[in-house]
Amino acid sequence: MSKPVMTVCITGAAGQIGYALLPHLCSGKTFGPDQPVKLHLLDLNIEGVQTALNGVKMELEDATYPLLKGVVCTGDAKVAFTGADAVIMLGAFPRKDGMERKDLLEKNCGIFKEQGELLNTVASKTVKVLVVGNPANTNCLIAAECAPNIPRENFSALTRLDHNRAIAQLAIKASVPVEQVQNSIIWGNHSSTQYPDINAATINGKKAKEVVNNDEWYKNEFIPCIQKRGAAIIAARKLSSALSAAQAISDHMHDWFLGTPAGQFVSMAVDSTGNKYGVADGLIYSFPVSCSNGKWTIKEGLEIDDFSKEKMKATEQELTDEKKTAMEILGK
Ligand code: NAD
Ligand code: LMR
């Protein structure tokens with residue numbers, strides 16, 4: 001018997017990540033090769049944008065994906081969120097020249113407040129929401145705050161791209177295929193304060209730190225490389241990452257819905273409530289998690305050395321500051 005059709009909503013679907021992500025969703029790569037999907041594609045209610053979105057719909061038809069059971073293009077978030085099983089939030093206000101982080105937060109607070117409130121009223125209580133639009137962690141926090149009817153555990157922000165970047169750099173350093181590298185961790189914010197941690201990582205079953213055996217490289221090359229990778233891609237492409245972001249979104253949703261392999265963990269930015277690793281409650285903080293039955297669980301019991309503690313605190317502080325600014329803007 002075939003599975004019921006799953007409805008996947010993408011906000012900002014006419015943008016560059018949207019274009020790179022749709023093949024993953026429609027081919028079965030993200031939700032499984034036997035999972036039919038219907039797409040709700042939301043973008044700004046502006047004629048040129050909606051025309052472009054309809055062009056994407058035409059391409060999806062022409063691609064003849066057997067699993068694709070319908071595409072709705074809309075400029076109305078209410079239509080987009082109604083009936084969605086998963087919402088992937090790409091739509092955000094981009095940082096412009098001369099904009100401070102606070103200005104960016106201010107613009108995005110408005111978007112994520114409005115969309116959070118709409119999710120609260122029209123979306124299913126079981127919807128799973130992934131926020132990608134930057135500043136992703138705090139945008140996610142705002143959406144979750146504005147949607148109290150939906151459990152906080154149903155909200156997450158994307159740090160899987162940073163996680164995958166860490167795996168790639170370890171694989172390059174050790175000259176091994178990427179699939180031999182596991183259990184690296186991104187702690188904290190999807191920003192340059194994030195802490196890419198390889199203390200629990202393995203390469204072909206051995207401790208990555210021992211395989212690489214180069215603390216100078218780890219601290220002075222690897223960590224800054226991962227922290228600044230997004231900016232390096234913008235500098236090179238004059239556009240932010242899209243192909244790799246789409247792959248990471250697909251990996252994140254795949255693992256959340258279908259589970260992580262036994263013994264492995266991945267990075268997801270999720271509700272920090274519960275004093276895990278001493279992180280303050282009420283942030284959307286990236287942790288190592290494993291997933292099963294559609295639920296994430298923070299991996300507990302990992303040893304945290306003093307160097308890691310300091311890095312984890314620094315990124316926590318940035319998230320606390322962003323939250324304070326966001327709450328001031330929201331008047332909460
Ligand atoms: P893009 O500018 O190509 O596309 C964004 C789309 O969002 C546009 O089509 C725009 O019209 C739409 N949009 C803006 N406001 C909207 C709203 N209120 N409702 C619906 N749609 C709206 O950008 P992109 O390259 O696709 O990137 C999307 C976001 O993802 C950016 O904020 C980017 O910084 C972020 N990003 C995050 C990560 C991560 O790892 N978390 C990685 C890469 C990019
Ligand atoms: C990335 O990590 O590639 C992006 O978040 C960078 C950005 O600012 O869009």
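Is the crossing of α6 and α8 left-handed or right-handed? I looked, and the crossing of α6 and α8 is right-handed. For my own notes: left-handed would be the near helix turned anticlockwise from the far one by less than a right angle, and right-handed is clockwise.

**Ground rules.** This is a predicted model, so I note that local features need pLDDT of at least 70, side-chain atom pairs count only at pLDDT 80 or more, and totals for chains, interfaces and linings use all residues. Residues are numbered from 1 along each chain as its sequence is written, with chains lettered from A and ligands numbered from 1 in the order in which they are written.

**α6 and α8.** I took helices (H or I, at least four residues) and strands (E, at least two) as DSSP runs, numbered from the N terminus. The axes of α6 (residues 160-174) and α8 (residues 215-227) come within 9 Å and cross at roughly 145 degrees. Axes here are lines fitted to C-alpha atoms, for helices over the stretch in contact, with angles from 0 to 180 degrees between N-to-C directions. I then listed who touches whom: D162, R165, A166 and Q169 in α6 meet F222, C225 and I226 in α8. Contact means C-beta atoms, placed from the backbone, within 7 Å. By class I get four nonpolar, one polar and two charged residues in the contact of α6 with α8. Nonpolar covers Ala, Val, Leu, Ile, Met, Phe, Trp, Tyr, Cys and Pro; charged covers Asp, Glu, Lys and Arg; the others, Gly among them, are polar.

**α4 and α5.** Next pair: α4 (residues 101-122) packs with α5 at about 35 degrees, and their axes are 7 Å apart. This crossing of α4 and α5 is right-handed. On the α4 side I found L105, N108, C109, F112, K113, Q115, G116 and L119, and on the α5 side T138, N139, I142, A143, A144 and E145. The contact of α4 with α5 has seven nonpolar, five polar and two charged residues.

**Two domains.** The chain is divided into domain 1 (6-157) and domain 2 (160-322), with bounds from an automatic or database domain assignment. Their centres, taken over C-alpha atoms, are separated by 23 Å. I see 25 residues of domain 1 in contact with 25 residues of domain 2. On the domain 1 side, α1, β4 (86-89), β5 (128-131), α5 (136-145) and β6 (155-157) each supply at least two residues. That side divides into 14 nonpolar, seven polar and four charged.

**Ligands.** What surrounds ligand 1? I find 28 residues, the closest being G12, G15, I17, G91 and N134; a residue is near if its C-beta atom, placed from the backbone, lies within 6 Å. Helix α1 (residues 16-27) gives the most to this shell, three residues. The ligand 1 shell has 16 nonpolar, eleven polar and one charged residue. Domain 1 and domain 2 both give residues to the shell around ligand 1, so ligand 1 lies between them. Around ligand 2 I noted N134, L161, G230, I233, S240 and S241, which makes two nonpolar, four polar and no charged residues.

**Record check.** UniProt (unreviewed entry) puts "binding site" at R95, R101, N134 and R165. These span 71 residues in sequence and the farthest two C-alpha atoms are 23.8 Å apart, so they do not all gather at one spot. I placed R95 in the loop between β4 and α4. The UniProt positions are in the numbering used here, feature names are shortened, and annotations may be inferred rather than shown by experiment.

Most residues other than glycine have a negative phi, and most peptide bonds are trans. Yet a cis peptide bond joins N134 and P135, with omega about -5 degrees; P135 sits in the loop between β5 and α5. I also flagged S175, not a glycine, with a positive phi of about 55 degrees, in the loop between α6 and β7 (181-182).

Conventions: Two residues are in contact if their C-beta atoms, placed from the backbone, lie within 7 Å.
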